[in-house]
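Work through the exercises below with the sequence and the model open. Try each task before reading its solution.

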Amino acid sequence: MEKTIKNVDELFEMLDSSFRTEKQFWEPFYSNRQRLIPFFVNKPCENLVSYIEDGKIHAGKAMELGCGPGRNALFLASRGFSVDAFDLSEVAIEWAKERAKEAGLNINFKCESVFNLAPQQEYDFVYDSGCLHHLLPHRRVQYIQMIYNGLKPQGYFGLTCFAPVTERLADLN
Ligand SMILES: C[S@@+](CC[C@H](N)C(=O)[O-])C[C@H]1O[C@@H](n2cnc3c(N)ncnc32)[C@H](O)[C@@H]1O
């Protein structure tokens with residue numbers, strides 16, 4: 001089928017349609033909680049813990065993007081942050097809400113794509129663990145712009161990307 005692309009939005013939509021639908025991938029991914037997936041364990045990222053314990057980031061309003069079952073949002077809330085946490089998987093968000101309830105923590109978990117967010121200078125800290133590298137390359141500039149707009153002027157953005165263990169071992173040799 002031929003289609004004339006008339007603007008950037010239409011170009012991005014055309015590129016989107018060439019790839020898998022993220023929601024279809026992530027819902028079944030989270031349906032079995034017993035799978036041996038490192039980030040299914042309810043422990044925060046080590047780097048995130050160090051930012052807080054070393055006093056680099058202080059409690060304030062935080063946003064977690066692609067929060068999954070909520071391990072980092074839970075940690076931030078336990079350290080006094082007010083947390084909004086988003087993920088496009090309903091299954092992951094339900095799991096995160098259960099964890100928050102069990103821990104007695106009040107966190108605003110919401111099932112939403114990061115591309116539907118438009119915060120304006122609201123957050124002291126924005127955190128992404130493993131979400132950016134799942135976003136299609138042509139959409140990443142839009143994502144970074146959303147984060148930039150959402151941070152307060154002196155706010156911080158923390159980013160963690162995952163790498164295969166084999167590459168990490170090669171780095172060590
Ligand atoms: C590798 S997992 C990491 C989960 C969590 N951040 C952690 O470290 O435990 C990536 C997460 O990004 C979410 N994700 C991918 N694309 C997204 C989008 N457009 N909007 C919101 N979440 C998204 C997925 O549903 C998945 O939960």
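**Exercise 1. The surface patch**

Which residues make a nonpolar surface patch of about 220 Å²?

Solution. First, the ground rules. This is a predicted model, in which local features need pLDDT of at least 70, side-chain atom pairs count only at pLDDT 80 or more, and totals for chains, interfaces and linings use all residues. Residues are numbered from 1 along each chain as its sequence is written, and side-chain values use heavy atoms, with hydrogens and water left out.

- Step 1. Apply the patch rule: residues need over 30% relative accessible area and no salt bridge; like charges are joined within 9 Å, and nonpolar side chains (Val, Leu, Ile, Met, Phe, Trp, Tyr) within 5 Å. Areas come from the Shrake-Rupley method with a 1.4 Å probe, and for residues only the protein chains shown count as cover.
- Step 2. Read off the members: I5, L11 and M14.
- Step 3. I5 sits in the segment before helix 1 (8-16). Helices (H or I, at least four residues) and strands (E, at least two) are DSSP runs, numbered from the N terminus.
- Step 4. Classify I5. Its relative accessibility is 35%, so I5 is partly exposed. The scale: buried is under 20% relative accessible area, exposed over 50%, partly exposed in between.

**Exercise 2. Helix 4**

Why is helix 4 (residues 71-78) largely enclosed by the rest of the structure?

Solution. 

- Step 1. Count. Seven of the eight residues are buried, so the helix is largely enclosed.
- Step 2. List the buried residues of helix 4: R71, N72, A73, L74, F75, L76 and A77.
- Step 3. Find the cover, using contact (heavy atoms within 4.5 Å). It includes helix 3, helix 5, strand 1 (61-65), strand 2 (82-87), strand 3 (108-111) and strand 4 (123-129).
- Step 4. Look just after helix 4. G80 takes a positive phi of about 95° there.

**Exercise 3. Salt bridges**

How many salt bridges does the structure hold?

Solution. 

- Step 1. Use the cut-off: a side-chain nitrogen of Lys or Arg within 4 Å of a carboxyl oxygen of Asp or Glu. The total is eight.
- Step 2. Take D16 and R139, which meet at 2.6 Å, N to O. D16 lies in helix 1 and R139 in the loop between strand 4 and helix 6 (140-150), so the bridge ties together parts 123 residues apart in sequence.
- Step 3. Classify both. D16 is partly exposed at 25%; R139 is buried at 15%.
- Step 4. Take D124 and K152, at 3.3 Å, N to O. D124 is in strand 4 and K152 in strand 5 (residues 151-160), 28 residues apart.

Technical notes
Buried means under 20% relative accessible area, exposed over 50%, partly exposed in between (1.4 Å probe, protein chains only).
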